[in-house]
Amino acid sequence: MIAVIATCILLTVALCVHFRLYIRYAFFLIKLKLGSYQRQVNDEKQLDQIRYDAFVCYSEKDRDWIMQQLVPHLENTDPPNFKLCLHERDFVPGIGIFYNILESIENSRKTVLILSHNFLQSHWHYFEMTMVQELLFQQNRSSVVIVLLHEIPSNTMPQTLQTFSQNYITWTENKLEQKIFWMKLKMSLGAKK
């Protein structure tokens, strides 16, 4: 009898460890649905007082593009300089990933989803994208900017992304078209005061 109980406990612990990300995400969604996570930005006046212009949600495999293209063109250019929130640089150590994401979204005027095949193949980024959608829906905010690093066939595009917007900004290797890309992205992020 003790062996059966020990086996059940061991199996339960093993399943919890294996599915811990899914379990934590489920608790996050429950907490969000029950309203125990309160919105920090209550009105439009407070949007001027937030920390970041945009929280950037991307695959670690696309880090080179983020650091070599996105950050220099948005943070290190002549006005308007945008302040980006990047997980590797701005997340608070010791705080759970879900709460870091929540705080980053709350403290940003916009959320930029950098879509690529790498992003779509990652289960973790699907969670991150769903968290963005859930939180913005709960707050009645429409502040998602979608950047395609390359063309993604519509049949592989997750249905959740189609609820954000039908308008995507697509990256190009063509230098002339890149100028248009940066103008569109800066316009989508909004004017700086």
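Before reading any bridge partners, I noted the rule for pairing: two strands pair if DSSP finds at least two bridges between them. I also kept in mind that this is a predicted model.

**Entry 1: strand 3 and its neighbours**

I began with strand 3, residues 108-115. Which strands does it pair with? On one side I found strand 1, residues 52-57, joined to strand 3 in the parallel sense over five bridges. Strand 4, residues 144-148, also pairs with strand 3 in the parallel sense, and that pairing too runs over five bridges.

I then looked up a residue pair for each pairing. K110 in strand 3 has A54 standing opposite. For L113, the bridge partner is I146 in strand 4.

Is strand 3 enclosed or open? I checked burial, where buried means under 20% relative accessible area. Six of the eight residues of strand 3 are buried, so the strand is largely enclosed by the rest of the structure.

Next I turned to charge. Side chains of opposite charge can pair when their charged atoms come close. How many salt bridges does the structure hold? I noted five.

One of them joins the side chains of R109 and D53, at 3.0 Å from N to O. R109 lies in strand 3 and D53 in strand 1, so I was happy to see this pair link distant parts of the chain, 56 residues apart. Is D53 buried or exposed? Its relative accessibility is 7%, so D53 counts as buried.

What does R63 meet? I found two partners to write down, E60 and E88. With E60, the closest N and O atoms of the salt bridge are 3.9 Å apart. With E88, the side chains meet at 2.8 Å, N to O.

R63 has a relative accessible area of 31%, so it is partly exposed. E60 is partly exposed at 44%, and E88 counts as partly exposed at 33%.

Definitions and conventions
Residues numbered from 1 in each chain as written. Predicted model: local features only at pLDDT ≥ 70, side-chain atom pairs only at ≥ 80, totals over all residues. Heavy atoms only, no water. Buried < 20%, exposed > 50% of the residue type's maximum accessible area, 1.4 Å probe, protein only. Helix = DSSP H or I, 4+ residues; strand = E, 2+ residues; numbered from the N terminus. Salt bridge = Lys/Arg side-chain N within 4 Å of Asp/Glu carboxyl O.
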